Amino acid sequence: MAEAARPTAVKPSRILEEFPAPSFRDTQKQALADIREAFESDNDVVLIRAPTGSGKSLLARSIMGCARDLQTAEPAEVTGAYYTTPQVSQLDDVDADDLLDDLEIIRGKSNYNCILPGEHDTPVNQAPCAREKGFDCSVKHRCPYYSDRAIASGQPMAAMTLAYFMQTAGSDVFGMRDVVVIDEAHGLAEWAEMYATIGLAPHRVPVWDNVDIPDINAAHNPVERASAFAERLAKVCTAAKDDLTTKPELTPDEVARRDRLNELVSELDWFVEDYRSPDSPTTWVVDQPGGEGTAITIKPLDPARYLHHTVWDRGEKFALLSATILNKDAFCRQVGLNPDRVALVDVDHTFPVENRPLYDVTQGKMTYEHRDETIPKIARLIVRLMAHHPDEKGLIHAHSYAIADQLAETLTEFGVGQRVRVHDTDNRDAELDAWKASSDPELFISVKMEEALDLKGDLARWQVLCKAPYLNTNDSRVARRLEDGQWAWYHRTALRTVIQACGRVVRAPDDHGATYLADSSLLDLFERAESDTPPWFRQQVDRLSRPDFPEFDPQAALAGINATATPSRSGSGTTAQTRTESDADRRQNHPLSDVWGDG
């Protein structure tokens with residue numbers, strides 16, 4: 001976005017009348033008044049720090065309603081508004097909300113199926129129009145994807161994921177609009193870094209076997225060598241793509257290969273152009289832990305230039321909403337905004353602090369060198385917590401699959417596996433849904449579920465944070481920033497994840513849920529990041545207490561499911577299982593397992 005303010009006809013004075021609900025709740029009216037004042041003060045961007053329960057989607061809709069409309073716009077002026085969010089679940093919530101039914105939703109092609117005869121199970125991105133050269137679709141006007149795209153592009157308010165929004169940069173269909181609203185915007189820099197990261201590995205590069213993979217780290221300048229390799233690889237990819245495009249018809253696998261080659265050429269060309277541009281502010285880093293012939297990851301340290309093209313050039317005024325934009329100036333630096341043109345609006349938390357308590361149950365450090373000693377202590381703590389919450393569902397934030405596996409194994413050895421549900425990368429959504437649907441007080445050991453998880457009411461009444469969620473210092477981007485002394489960023493990023501996690505189990509003013517802190521490094525984090533802590537979360541930290549729990553008793557931990565604790569003992573022949581494993585065995589051995597596809 002340009003430094004100077006663009007002329008705009010956004011009308012902040014309409015913000016209250018554009019509120020879509022019949023009445024205001026708690027702080028919403030004051031929040032909208034503050035947002036109106038921020039825009040009327042000639043700010044290009046307004047950051048809205050709104051905690052859980054603020055009704056961010058309704059605030060977003062009010063802001064979108066202030067955009068310039070076709071009736072009052074000059075021919076050359078842009079109109080309308082975009083709503084975008086990194087979270088697919090957040091877009092699903094918008095789609096399901098009757099108060100937001102004037103936001104036209106558009107998703108990527110893979111979310112729609114072709115309607116041609118014999119193709120009803122084929123995603124649009126693999127349909128005949130993608131497979132056959134010169135294919136003229138007779139029903140394109142009724143195609144669910146192109147129909148939704150046409151409607152969204154023609155309506156005043158369009159909603160999409162951040163991934164789709166970024167991918168459509170430069171599109172004639174989704175061009176510039178007057179107002180852009182980004183929900184859950186706290187991770188915008190990280191999302192941009194992720195989108196701009198180039199992963200080169202056998203499963204990601206269709207021509208992997210046709211090129212020699214150099215040892216990037218052996219070069220005096222690894223990024224320069226990566227740039228030269230990227231240029232060479234782009235030429236090989238282009239030739240392979242051109243070979244496919246000459247075919248009159250492609251198979252679905254060839255379509256996927258062609259599209260990946262096209263995407264890869266675009267990524268590689270962008271990297272080479274950006275790296276060699278003397279005006280680019282981006283710092284690139286390269287990882288290749290395995291050396292010559294192995295996977296290479298090329299990462300941008302600063303995605304500001306990437307965001308200009310994909311986000312800031314897409315609108316004239318912006319509203320960014322999140323509970324955890326912790327430091328305005330630091331956030332602006334990360335995403336390439338001029339803080340002098342950005343206002344911050346704080347929305348008060350409306351949930352009573354006593355309904356969202358934090359408890360100090362720390363068992364030691366969970367750093368790598370102390371983990372094997374601390375995890376068994378945390379597992380014993382969890383058994384005691386299960387006894388303390390015999391009839392209530394619980395959630396464990398394990399931080400990594402290694403920690404999750406070790407906790408699940410230890411809890412099973414203690415004999416309480418019948419109350420424990422786990423997941424891996426393949427069954428993540430299925431196990432989450434099964435846990436939420438269960439009528440038993442199951443304990444769910446989760447990985448990377450600190451965000452976009454709505455556990456209102458009895459879906460979960462307690463949770464455990466097993467580890468301070470610091471970023472991996474072996475990541476080249478993290479290591480480079482810490483070499484540059486960016487320790488405040490490091491602590492702020494971890495604190496943001498903690499705050500997001502704490503919001504999973506308390507979703508309304510009359511809801512309640514306890515959060516237990518098991519890693520002593522969390523207490524240290526609260527001290528180090530104190531200056532960046534929102535006042536409402538500081539209240540929770542200041543009320544930290546160390547509660548009393550029942551003694552370690554696996555049988556008491558199973559009281560709510562009427563089961564018998566059967567601890568595993570070496571040489572006993574006992575095979576204990578988690579709830580997930582026993583459910584899988586039950587499905588496999590069921591007479592209808594062949595019908596279900598599990599046999």
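The model is predicted: local features need pLDDT of at least 70 and side-chain atom pairs count only at pLDDT 80 or more, whereas totals for chains, interfaces and linings use all residues. Residues are numbered from 1 along each chain as its sequence is written, and side-chain values use heavy atoms, with hydrogens and water left out.

**Figure 1. The open parallel sheet.** In the order E3-E4-E2-E5-E9-E1-E10, 7 strands form an open sheet with parallel pairing (strands are DSSP runs of E, at least two residues, and helices runs of H or I, at least four, numbered from the N terminus; two strands pair if DSSP finds at least two bridges between them). Strand E3 (104-105) and strand E10 (342-346) are the edge strands, each pairing on one side only. Strand E1 (residues 45-49) is joined to E10 by 5 bridges in the parallel sense, and Val46 has Ala343 of E10 as its bridge partner.

**Figure 2. Contact of helices H16 and H17.** Helix H16 (residues 487-502) meets helix H17 (residues 521-528) through His491, Ala494, Leu495 and Val498 on the H16 side and Leu522, Leu525, Phe526 and Arg528 on the H17 side (contact means heavy atoms within 4.5 Å). By class, this contact has 6 nonpolar, 1 polar and 1 charged residues (Ala, Val, Leu, Ile, Met, Phe, Trp, Tyr, Cys and Pro count as nonpolar, Asp, Glu, Lys and Arg as charged, and the others, Gly among them, as polar).

Figure 3. The whole structure holds 4 cavities of 30 Å³ or more (on a 1 Å grid over the protein atoms alone, a cavity is a set of points where a 1.4 Å probe fits but cannot get out, and lining residues have an atom within 4 Å of a point; a volume is the space filled by probe spheres set on the points, which are joined across faces, edges and corners). The largest cavity contains about 110 Å³ of space. Of its 13 lining residues, Thr324, Leu326, Gln334, Arg492 and Arg496 lie nearest the centre. H16 gives the largest share of this lining, 4 residues.

**Figure 4. The second largest cavity.** This cavity has a volume of about 70 Å³. Its lining includes His397, His399, Glu450, Lys467, Thr497 and Val498. The largest share of the lining, 3 residues, again comes from H16.

How values were computed: Axes fitted to C-alpha atoms, helices over the stretch in contact; angles between N-to-C directions. 1 Å grid on protein atoms, 1.4 Å probe; cavity = no way out; pocket = protein on both sides within 12 Å on 5 of 7 lines; lining within 4 Å.
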